[in-house]
Amino acid sequence: ALTPTVGLWAAQDPKTLELYVYQEYIGIPTAEGGATELYALDIKNMNNGEDVGRRFADPSMWNSTSKDRWDDQSPAQIFLQNGILLEPANNSRVNGWRMLKSWLHCSKGKKPRLQVFDTCTQLIQTLPNNKYDPSLKRHTEDLDTRGPDDACDALRYLIMGGFGYPTGSELAA
């Protein structure tokens, strides 16, 4: 199955430490392949001249895509050639979901520390639909990867790489 490439942009308010996911990119692959350079150029154009601090990607982006060519490049190399430096994301799924849950936690009278703008339609659509996988007896905190989880994975990479667990005195309440 072909999976989309998902990019998310986020910013953190330095005063409240709230995190805002404000833009998303969805690249739909084709059976013909060869879309990695197009994705890189699209994402570069979506930066609108913004100084994007760090970019995280699935560690598989550093794997070569074709084993039968001597000049094959990994998707990460193709992104770099197009001016986008990527860092391998921490791919620890259970710890990542735990971090994400802590950002999404809300209590009476307090909104979650993570806010998603309505421009991120894929993330808004898929995040609430992701469920834990009951077939994973030992890993009951991992999500079921059989559904559309690409935007959620991108958010998990973003949280783990750029922000970790939320901080602030109000979390102690």
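**Questions on a predicted structure**

Me: Which residues is Y39 in contact with, leaving aside its neighbours within four places in sequence?

Reply: With those neighbours set aside, Y39 is in contact with T5, Y25, G27, I28, P29 and F79. Contact means that heavy atoms lie within 4.5 Å. The model is a predicted one, in which local features need pLDDT of at least 70 and side-chain atom pairs count only at pLDDT 80 or more, while totals for chains, interfaces and linings use all residues. Residues are numbered from 1 along each chain as its sequence is written, and side-chain values use heavy atoms, with hydrogens and water left out.

Me: Where does Y39 lie, and why is this residue called buried?

Reply: Y39 belongs to helix α1 (residues 36-46). A residue is buried under 20% relative accessible area, exposed over 50%, and partly exposed in between (1.4 Å probe, protein chains only). The relative accessibility of Y39 is 7%, so Y39 counts as buried. One of its contacts, P29, is 10 residues away along the chain, and the two C-alpha atoms are separated by 9.4 Å.

Me: How many helices and strands does the protein have, and what makes a stretch of chain one or the other?

Reply: Both are DSSP runs numbered from the N terminus: a helix is a run of H or I with at least four residues, and a strand is a run of E with at least two. There are 5 helices and 5 strands, and along the sequence they follow the pattern β-β-α-β-α-β-α-β-α-α. Of the 173 residues, 35% are buried.

Me: What makes β1 and β2 a pair?

Reply: Two strands pair if DSSP finds at least two bridges between them. Strand β1 (residues 5-12) and strand β2 (residues 19-27) have 8 bridges, so the two are paired, in the antiparallel sense. One of the bridges joins G7 to Y25 in β2.

Me: What is the phi of L17, and is this residue buried or partly exposed?

Reply: L17 lies in the loop between β1 and β2, a hairpin with 6 residues between the strands. Its phi is near 65 degrees, a positive value in a residue other than glycine. The relative accessible area of L17 is 26%, so L17 is partly exposed.

Me: What is the strand order of the open sheet, and why are β1 and β5 called edge strands?

Reply: The open sheet has 3 strands in the order β1-β2-β5, with mixed pairing. β1 and β5 (114-116) are the edge strands, since each pairs on one side only. From one strand to the next, the twist averages 30 degrees. β2 and β5 run parallel and are joined by 3 bridges, with V21 standing opposite V116 in β5.

Me: Which helix packs on the sheet?

Reply: Helix α5 (residues 150-163) packs there, touching β1, β2 and β5, and its direction makes about 40 degrees with that of β1. Axes are lines fitted to C-alpha atoms, for helices over the stretch in contact, and angles run from 0 to 180 degrees between N-to-C directions.

Me: Why is α5 called largely enclosed?

Reply: In α5, 10 of the 14 residues are buried, so the helix is largely enclosed by the rest of the structure. Its buried residues pack against β1, β2, β3 (56-57), α3 (93-104), β5 and α4 (121-126). Among them is D153, which has 12% relative accessibility and therefore counts as buried. Leaving aside its neighbours within four places in sequence, D153 is in contact with R93 and W97.

Me: How many disulfides are there, and which of C106 and C120 is buried?

Reply: A disulfide is a pair of cysteine sulfur atoms within 2.5 Å, and by this rule the count is 0. C120, at 0% relative accessibility, is buried, whereas C106, with a relative accessible area of 45%, is partly exposed.
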